[in-house]
Amino acid sequence: MNCHAYFVMTHHEDSRNAILLRAAMDTMLDPMVMLTPLRDDDGVIVNFVTVDGNDAFFRHINTPREDYLGTPLLDTVPGQEEAGLLQAYAHAFDSGEPFIAVEVPNADEMQGGRPRLFDFYGRRALDQLVLTFRDVTDRAQERQQLEYLAYFDPLTGLHNRTWSRNELERQLTIARANGSRVGVFFLGIDNFKIVNDSLGHAAGDELLHLVGQRIADGVPDTGSCARFGSDEFLVVVPNVDDDEAIAEVADNLNAAVSEEATFAGFTVVPSVTIGVALSEPDSDASSLLRDTDSALVRAKISRRGSWQRFDNQMFADIHRRLSVEAELRTALANGEFVVFYQPIVNLTDDSVIGHEALVRWQHPERGLLGPFDFLPTAEESGLVVGIGIEVMRVVCSDIAAGRLAGSVSVNVSAVELASPRWLAGFQQTMAEHGVAADRLVVEVTETAVLSVLDAASDDLRTLRALGIGVHLDDFGTGYSSISLLRDLPVSGLKLDRRFVADLTSESEPGFAHALADGVAALMSGLNLVGIAEGIETPEQASALISQGWKFGQGYLYGRPAPLPATVPVRAE
Ligand code: C2E
Ligand code: MG
Ligand code: MG
């Protein structure tokens with residue numbers, strides 16, 4: 001190759017401008033250099049030669065000015081060819097455009113084992129290229145750090161949710177193109193909350209880190225893993241086509257995690273429960289993540305430490321639940337909930353002392369539905385709070401209109417007790433209808449109270465202080481009945497109808513008698529009101545009377561029924 005150096009150096013040593021220029025250049029902190037191009041026969045720039053530079057430049061390259069001037073660029077800057085520096089310079093020179101941010105690693109200057117990076121800024125001046133450059137190593141590191149934060153989870157060192165969602169999308173695109181399927185595994189750490197709450201957050205973090213590492217070890221080579229939520233991880237594996245392949249991945253993950261470990265001074269065997277979904281040609285990331293989530297919930301219900309694949313039955317269940325939820329909302333707005341009343345009597349003379357309010361759903365197509373048909377869904381969705389307020393509204397307006405004698409008992413579920421707006425709604429409804437506190441009783445089941453003990457006991461105490469009765473419903477079916485009587489502000493209890501039924505049943509009536517007898521004694525000792533539920537026969541009634549039970553309720557005295565004047569309520 002024939003190279004010509006167009007070396008145009010003008011030394012105006014005598015000129016005032018030149019002195020000023022040199023002074024300006026030498027005060028610059030950034031290195032600055034003037035280059036002149038070398039062209040081949042076709043006029044293509046093939047190298048540059050250094051014509052001049054400022055002090056900062058020669059300090060930077062650590063070579064005295066005299067030794068450096070006139071040296072071709074390609075010979076002096078290591079690795080610049082790969083960086084495309086020559087092309088960038090040539091472009092800047094021939095087009096007259098400045099070029100910015102060409103990052104050139106300088107192997108001579110290393111930082112932390114990596115070459116430092118420089119941004120070059122060039123401009124053509126006459127037939128020279130004037131360059132300044134700036135060390136951007138720190139900026140590049142900051143950018144890397146930002147990228148790290150954007151795509152990694154600092155606690156576990158694994159990728160994060162954003163990255164894994166992108167990765168899932170990417171794998172789905174590949175799978176669609178080649179007709180394969182992607183296995184998506186959603187892992188939840190078992191009992192994480194217990195560790196976090198009881199051993200502290202540091203222990204929780206340690207557990208997350210440990211499990212994260214083990215999951216990473218258990219992922220097949222083709223797959224990827226990420227921390228997806230607080231104690232959730234996502235594993236994405238391409239080319240998983242059948243149940244067998246799913247089982248292999250899931251079993252390996254379970255096995256990798258479930259090794260004994262010691263942390264926070266405890267020996268534990270961590271475990272994960274896994275929800276799995278397999279992509280279909282039309283799957284998208286959102287639908288797959290939703291499916292794995294449902295499968296995880298199912299797997300947790302069946303057994304912790306297990307895995308479960310999403311199937312259409314799950315889909316049908318969820319779909320049904322969602323549609324029931326939507327229907328319940330409409331029902332609330334359309335006033336389809338009605339209240340039936342069942343009398344509570346004095347067992348000695350059958351006189352009515354009050355009623356229990358029992359909700360029904362007058363379904364437009366399915367007819368009259370009992371609480372068991374819709375309360376579980378209403379509780380799961382929280383809609384039970386709204387339903388409870390509707391029931392209270394009917395009850396209070398019936399009391400206010402003089403349609404009911406004595407007190408009225410209303411049932412309250414755990415979800416209602418746990419809701420911060422329940423108590424206020426209850427009191428407001430009472431106040432709106434001007435109902436006196438001694439006309440109302442709240443029935444709570446032991447299970448309900450136990451599950452939300454702290455929140456519940458405060459609310460119940462407030463009710464008691466107002467003079468509203470609190471009865472423990474279905475007494476005897478829970479686990480800590482007697483201690484609850486001591487700890488909770490209850491004014492009465494309702495013996496579960498199972499024990500009443502057992503009183504006159506052929507098999508083992510002895511236990512039922514002993515229990516009814518014992519509870520009756522306990523009640524009189526604690527000065528509680530006792531009501532026996534589900535009395536269907538005169539024999540049951542007389543057995544209860546002889547044991548000292550004063551009040552009762554059951555088909556023998558009256559089934560739950562609407563008041564003649566009851567009108568469906570409409571939510572405003
Ligand atoms: P519960 O509070 O224990 O209500 C008594 C249940 O026993 C009622 O069932 C009633 O119809 C039934 N029952 C009454 N006497 C007899 C009898 O002699 N024999 C038999 N076999 N059963 C009898 P229901 O109305 O189906 O209510 C079921 C449960 O639903 C109630 O149990 C209560 O826990 C809940 N519930 C009812 N209404 C409401 C409500 O408005 N809000 C809430 N949160 N729960 C309610
Ligand atoms: Mg009840
Ligand atoms: Mg009951």
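Is D473 buried or exposed? With a relative accessible area of 5%, D473 is buried, where buried means under 20% relative accessible area, exposed means over 50% and partly exposed lies in between, computed with a 1.4 Å probe on protein chains only.

Before going further, note that this is a predicted model, in which local features need pLDDT of at least 70 and side-chain atom pairs count only at pLDDT 80 or more, while totals for chains, interfaces and linings use all residues. Residues are numbered from 1 along each chain as its sequence is written, chains are lettered from A and ligands numbered from 1 in the order in which they are written, and side-chain values use heavy atoms, with hydrogens and water left out.

D473 bridges the magnesium ion (ligand 3) and the magnesium ion (ligand 2), and these two ions lie 4.1 Å apart. Donors here are N, O and S atoms within 2.8 Å of the metal (3.2 Å for Na, K and Ca), and as water is not among the atoms, sites may look incomplete. D474 is partly exposed, its relative accessible area being 25%.

The magnesium ion (ligand 2) is coordinated at 2.0 to 2.2 Å by E356 (OE), N411 (OD1), E443 (OE) and D473 (OD), which are spaced E-x54-N-x31-E-x29-D along the chain. N411 belongs to strand β17 (residues 407-412) and E443 to strand β18 (residues 440-445), so this pair ties together parts that are 32 residues apart in sequence; strands (E, at least two residues) and helices (H or I, at least four) are DSSP runs numbered from the N terminus. N411 counts as partly exposed at 31% relative accessibility, whereas E443 counts as buried at 1%.

Turning to the sheet, 5 strands form an open arrangement in the order β8-β9-β7-β12-β13, with mixed pairing, and two strands are taken to pair if DSSP finds at least two bridges between them. The edges are β8 (224-227) and β13 (307-309), each of which has a single partner strand, so one side of each is left without a neighbour in the sheet. From one strand to the next the twist averages 20 degrees; axes are lines fitted to C-alpha atoms, for helices over the stretch in contact, and angles run from 0 to 180 degrees between N-to-C directions. Helix α8 (residues 161-178) packs on this sheet, touching β7 (182-189), β8 and β9 (232-238), and its direction makes about 155 degrees with that of β7. Helix α10 (residues 201-218) also packs on the sheet, where it touches β7, β8, β9 and β12, and its direction makes about 10 degrees with that of β9. A contact means heavy atoms within 4.5 Å.

How confident is the predictor, on the pLDDT scale from 0 to 100 that it gives to each residue? The mean pLDDT of the protein chain is 85, and 88% of its residues reach 70 or more. Over residues 1-10, however, the pLDDT is below 50, and this stretch has 22 contacts in the model beyond near neighbours in sequence. The pLDDT also stays under 50 over residues 565-572, for which the model has 21 contacts beyond four places in sequence.
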